[in-house]
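Let's take a friendly walk through one protein model, from its confidence and overall layout down to a handful of side-chain contacts. Have the viewer open and follow along.

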Amino acid sequence: MNNEPDLEVFLCTAPIAVSPFCAAEKVEWVREQFGKDGDAWVRRLIITSDKSLARGDILIDDAPVAKAAAMTPTWEHVWFTQPYNAALEGKRRVDSWTDWRTLIASLRESGVRRQSGASKKLPRSKRKQR
């Protein structure tokens, strides 16, 4: 991501409300997935039950409908393909985290621009859905 200086990337995840250990487990998962860069990514981790509170241009999410009720999202919801959303139509999608550059090029061509003070929710090749 260092070669993409115009992108600001955050990881945004929803907690499992009934799990008292969910947030801590997500933080540890990020540390494990990103290895030596794990602590830096933990500082860029947003844990929220309402993803509309995370402002940005895109949100890559496997949920058929993103959890977003508090505000009108500033982002475009892009599906990360999973078996339970594969038959859905009507949104852009990525099938693998390695597809993020193709997605960004497509968004730039269609006129999606950086929001002032906003964050991007873009994939890293090692990031996996929980």
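Arg92 counts as partly exposed, at 26% relative accessibility; here buried means under 20% relative accessible area, exposed over 50%, and partly exposed in between, with a 1.4 Å probe and protein chains only. Before going further, a word on what you are looking at. This is a predicted model, in which local features need pLDDT of at least 70 and side-chain atom pairs count only at pLDDT 80 or more, while totals for chains, interfaces and linings use all residues. Residues are numbered from 1 along each chain as its sequence is written, and side-chain values use heavy atoms, with hydrogens and water left out.

Confidence comes next. The pLDDT, which is the predictor's confidence in each residue on a scale from 0 to 100, averages 82 over the protein, and 82% of the residues score at least 70. Residues 116-130 have a pLDDT below 50, and in the model this stretch has 57 contacts beyond near neighbours in sequence; a contact means heavy atoms within 4.5 Å.

### Overall layout

The protein has 3 helices and 6 strands. These are DSSP runs numbered from the N terminus, with helices being H or I of at least four residues and strands being E of at least two. Read from the N terminus on, the order of elements is β-α-α-β-β-β-β-α-β. Of the 130 residues in the protein, 41% are buried. Among contacts with a separation of 6 or more, 50% come from residues 24 or more positions apart.

### Salt bridges

Back to Arg92, whose side chain meets that of Glu76 in a salt bridge of 2.6 Å, N to O. Arg92 sits in the loop between strand 4 and strand 5 (93-94) while Glu76 belongs to strand 4, so the pair ties together parts that are 16 residues apart in sequence. Glu76 is partly exposed too, with a relative accessible area of 24%.

The structure holds 5 salt bridges, each defined as a side-chain nitrogen of Lys or Arg within 4 Å of a carboxyl oxygen of Asp or Glu. Three of them are listed here.

| Salt bridge | N to O distance |
|---|---|
| Arg92 and Glu76 | 2.6 Å |
| Asp39 and Arg31 | 2.7 Å |
| Asp37 and Lys36 | 3.7 Å |

How accessible are the other partners? Asp39 is partly exposed at 42% relative accessibility, as is Arg31 at 35%. Asp37 is partly exposed at 33%, whereas Lys36 is exposed, with a relative accessible area of 81%.

Strand 3 and strand 4 (residues 76-80) run parallel and are joined by 4 bridges; two strands pair if DSSP finds at least two bridges between them.

Asp61 lies in strand 3 (residues 56-61) and is buried, with a relative accessible area of 4%. A polar atom of the Asp61 side chain lies 3.2 Å from the backbone nitrogen of Ala63. The side chain of Asp61 is also joined to that of Lys51 by a polar contact of 3.0 Å, meaning a pair of N or O atoms within 3.5 Å; within protein, one must be able to donate a hydrogen and the other to accept it, and residues adjacent in sequence count only if both atoms are side-chain atoms.

Lys51 lies in the loop between strand 2 (45-47) and strand 3 and counts as buried at 7% relative accessibility. Not counting residues up to four places away in sequence, Lys51 touches residues including Cys12, Leu59, Asp61 and Trp75.
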